[in-house]
Structure formats: C-alpha cells, structure tokens
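Here are a few friendly notes to read alongside the structure.

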Amino acid sequence: MTIRPADKGGAMVILDTQLYKGECYRQLGDGMIYRKLRKDPTEEYYNELTKLCNRGINAGFLLDGGARFIMGTQKRIPIFYTLPKVHKDLNSPPGRPIVSGIDSISSNLSQYIDHWLQPVVKKMPSYVRDSTDIIKTLETLEWREGWLLGTLDVGSLYGD
C-alpha cells in the first residue's frame, strides 16, 4: 500500500502500490512532457551554477556571501511523485505530478531569487497573496456589463 495526501481536501489516500506506480509510469512515459536522460546531469549543473556565481561575483552584482549560499546546496536529484486526484476518480485516481526540488541544486538559488523578488512582486498591482485576497479584491469591484470572469485549469506547465 502507498499512502499519499489527496490533491485537494486535505485527506490521506491509501492506494494499491501497483496502481500508484502505474500512474507515475504513465505520466513519466509521456514523451511530450518528459524525456529520459542519458546520464545524471547533477555534477554538470552544479559546475555551471558555480561558473555563473563566479561571473556574478566578478561582475560585481553578487556578493561572496550570496554565492556561498547559492552554491552551498546539496547535489540531490529532485524527486518525482504524484498526489492522487480522488475528486476526479475514487477507484483509479489520476495523479497531480510533483517534482520536489527541496535540497536539490536549484533550491538555494530559488530561495535567493525569491528573497530579492518578493518586495518587488508584492508592490505590483496584479499581485494576489492567496484565495482570501482575491475574494476581497473581487468584492470591491464594480462589475461592468460585458465583463466575464474565468478560471483556468493548467494541464501541464511545461508541455507543448
């Protein structure tokens, strides 16, 4: 048995492991989204990250401390898993794919960029903090004739 949190609703889902693995392999086998690599690129990516940090230091826009933080990451490969979408199918739920980069090569770089972008992003007129924030914003709007409210459901962030 495999235990995973549900994609929505906060419930825990107990799945037959073969069913769970089958869904993971089905998704990973989609050549439009994923491709199998010939070799582990981790060392190559780390070396490139080191070169870029050194270029940033030499150009004067990255301090030594920032570079040490960015390069002080683990050389761990991100982990793929899925969260079962039981709201779509209880018996054979499709999975929401997750690639967790926690403690991977890019995680410290992501934190560094996030640190510098957060103050800028929060000042943008299109910034939305969370669901409650968007509801409050929508409640203050004076709705005009001809306006449409729409939502999107992203099938894949990285597919064609």
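Predicted model: local features only at pLDDT ≥ 70, side-chain atom pairs only at ≥ 80, totals over all residues.

1. Val128 sits in the loop that links α4 (107–121) to α5 (131–140). Its relative accessibility is 39%, so Val128 counts as partly exposed. Val128 also belongs to a nonpolar surface patch, together with Ile134, Ile135, Leu138, Leu141, Trp143, Trp147 and Leu149. Together these residues have about 730 Å² of accessible area.

2. Next, have a look at helix α2, residues 42–59. Which residues of α2 are buried? They are Thr42, Tyr46, Leu49, Cys53 and Gly56. Looking down the axis of α2, you will find these buried residues within an arc of 80 degrees, so they line one face of the helix.

3. On the face turned away from the buried side you will find the exposed residues Lys51, Arg55, Asn58 and Ala59. Just after α2 comes Gly60, with a positive phi of about 85 degrees.

4. The loop between β4 (95–100) and α4 deserves a visit. Asp103 is located there, and its phi is near 65 degrees, a positive value in a residue other than glycine. Asp103 counts as partly exposed because its relative accessibility is 39%. Ser104 lies in that loop too, but Ser104 is buried, with a relative accessible area of 2%. Beyond its neighbours within four places in sequence, Ser104 contacts Thr73, Gln74, Arg76 and Pro78.

5. How many salt bridges does the structure hold? There are five. One of them pairs Asp7 with Arg96, with the closest N and O atoms 2.5 Å apart. Asp7 is in the loop between β1 (2–5) and β2 (12–15) and Arg96 is in strand β4, so this pair ties together parts 89 residues apart in sequence. Asp7 is buried at 16% relative accessible area, whereas Arg96 is partly exposed at 27%.

6. A salt bridge within one helix is worth a look as well. Glu23 and Arg26 meet at 2.8 Å, N to O. They are three residues apart in helix α1 (residues 17–28), so about one helical turn separates them. Glu23 counts as buried at 11% relative accessibility, while Arg26 is exposed at 52%.

Key:
Residues numbered from 1 in each chain as written. Heavy atoms only, no water. Patch = residues over 30% accessible without salt bridge, like charges linked within 9 Å, V, L, I, M, F, W, Y side chains within 5 Å. Areas by Shrake-Rupley, 256 points an atom, 1.4 Å probe, with all protein chains shown as cover. Salt bridge = Lys/Arg side-chain N within 4 Å of Asp/Glu carboxyl O. Helix = DSSP H or I, 4+ residues; strand = E, 2+ residues; numbered from the N terminus. Buried < 20%, exposed > 50% of the residue type's maximum accessible area, 1.4 Å probe, protein only. Arc of directions from axis to C-beta. Contact = heavy atoms within 4.5 Å.
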